[in-house]
Amino acid sequence: MATKDRITCHVLDTTEGKPARGMRVRLELTPTPALPSSSSATAAPSASTAAAITHHHAAPAPREFESQTDEDGRIKAWLPYSSATSSGEVPVYTLEDVLGALDVDTPSRWTLRFDTAGYFGEDKTFFPEVAVVFRVEPGATYHVPLLLSPYSYTTYRGS
């Protein structure tokens with residue numbers, strides 16, 4: 001039995017009543033915006049405090065993954081993303097590597113990008129891409145289903 005990554009997804013084509021087979025999907029670690037504190041609105045932090053805040057909230061290196069839905073419309077494992085125009089070394093990190101390197105006390109933000117234009121056809125869908133942004137708590141697993149038609153979509157946190 002194959003192992004599953006901690007973030008998985010499932011796409012169902014509601015117009016056909018079947019799994020969406022062969023859809024390209026990207027998974028991206030998204031920088032989390034820094035939230036201003038109530039005291040920062042009234043006084044500027046000192047240089048040393050600002051440096052500590054910047055270091056503590058430094059964004060991790062961009063990490064992207066890609067995969068394609070299987071016969072059941074599911075993605076259970078991710079490969080490092082390499083664009084068609086990139087050159088040089090092939091990325092060799094895993095999703096577990098990236099999740100394990102994140103701060104254990106801080107949730108991370110991730111984006112799933114579903115290539116709906118590639119699945120339905122560029123001129124046959126109102127949504128050429130569906131982007132789902134979600135929060136990942138350290139150590140947790142996530143399953144994100146997408147119910148899809150050319151003119152609507154619904155998503156939720158699955159199990």
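**Surface and model**

The model is predicted: local features need pLDDT of at least 70, side-chain atom pairs count only at pLDDT 80 or more, and totals for chains, interfaces and linings use all residues. Residues are numbered from 1 along each chain as its sequence is written, and side-chain values use heavy atoms, with hydrogens and water left out.

I then checked confidence. Mean pLDDT (the predictor's confidence in each residue, from 0 to 100) is 84 for the protein, and 79% of the residues reach 70 or more. Over residues 38–57 pLDDT stays under 50. For that stretch the model has two contacts (heavy atoms within 4.5 Å) beyond four places in sequence.

**Layout**

I counted three helices and 10 strands. Both are DSSP runs numbered from the N terminus: helices are H or I with at least four residues, strands are E with at least two. The order along the sequence is β-β-β-α-β-β-β-α-β-α-β-β-β. Of the contacts with a separation of 6 or more, 65% are between residues 24 or more positions apart. Of the 159 residues, 31% are buried. Buried means under 20% relative accessible area, exposed over 50%, partly exposed in between (1.4 Å probe, protein chains only).

I went to β1 (7–13) next. Six of its seven residues are buried. Pairing here needs at least two bridges found by DSSP between two strands. With β9, β1 pairs in the parallel sense over seven bridges. With strand β5 (residues 74–75), the pairing is antiparallel, over two bridges. His-10 has Arg-74 as its bridge partner in β5. Strand β2 (residues 18–19) also runs antiparallel to β1, joined by two bridges. There, Asp-13 stands opposite Lys-18. The β1 and β2 hairpin has four residues between the strands, and Gly-17 takes a positive phi near 70° in it.

**His-143**

Which residue of β9 is the bridge partner of Thr-8? I found His-143, in strand β9 (residues 142–149). The side chains of His-143 and Thr-8 also make a polar contact at 2.7 Å. That term means a pair of N or O atoms within 3.5 Å; within protein, one must be able to donate a hydrogen and the other to accept it, and residues adjacent in sequence count only if both atoms are side-chain atoms. His-143 counts as buried because its relative accessible area is 12%. Beyond four places in sequence, the contacts of His-143 include Cys-9, Arg-74, Tyr-156 and Ser-159.

**The open sheet**

Five form an open sheet in the order β6-β4-β3-β7-β8, with antiparallel pairing. The edges are β6 (79–80) and β8, each pairing on one side only. Inside the sheet, β3 runs antiparallel to strand β4 (residues 64–68), with five bridges joining them. Leu-27 has Phe-65 as its bridge partner in β4.

**The core**

Which residues touch the most other members of the largest nonpolar core? Of its 29 residues, they are Leu-27, Trp-78, Trp-110, Leu-112, Phe-114 and Phe-134. Elements giving two or more residues to this core are β1, β3 (24–30), α2 (95–101), β7 (108–114), β8 (130–136) and β9. A nonpolar core is a set of buried Ala, Val, Leu, Ile, Met, Phe, Trp, Tyr and Cys residues joined through side-chain atoms within 4.5 Å. In soluble globular proteins, nonpolar side chains tend to be buried together. I listed the neighbours of Leu-27 beyond four places in sequence: among them are Ile-7, Phe-65, Trp-78, Leu-95, Trp-110 and Phe-134.

Is Thr-116 buried or exposed? Thr-116 is buried, because its relative accessible area is 0%. Thr-116 is in helix α3 (residues 116–120). Its contacts beyond four places in sequence include Met-23, Phe-127, Val-130 and Leu-148.

I also checked Thr-154, in strand β10 (residues 152–155). Thr-154 is partly exposed, because its relative accessible area is 45%. Thr-154 touches Pro-145, Leu-146 and Leu-147, leaving aside residues up to four places away in sequence. Its C-alpha atom is 10.0 Å from that of Val-130, 24 residues away along the chain.
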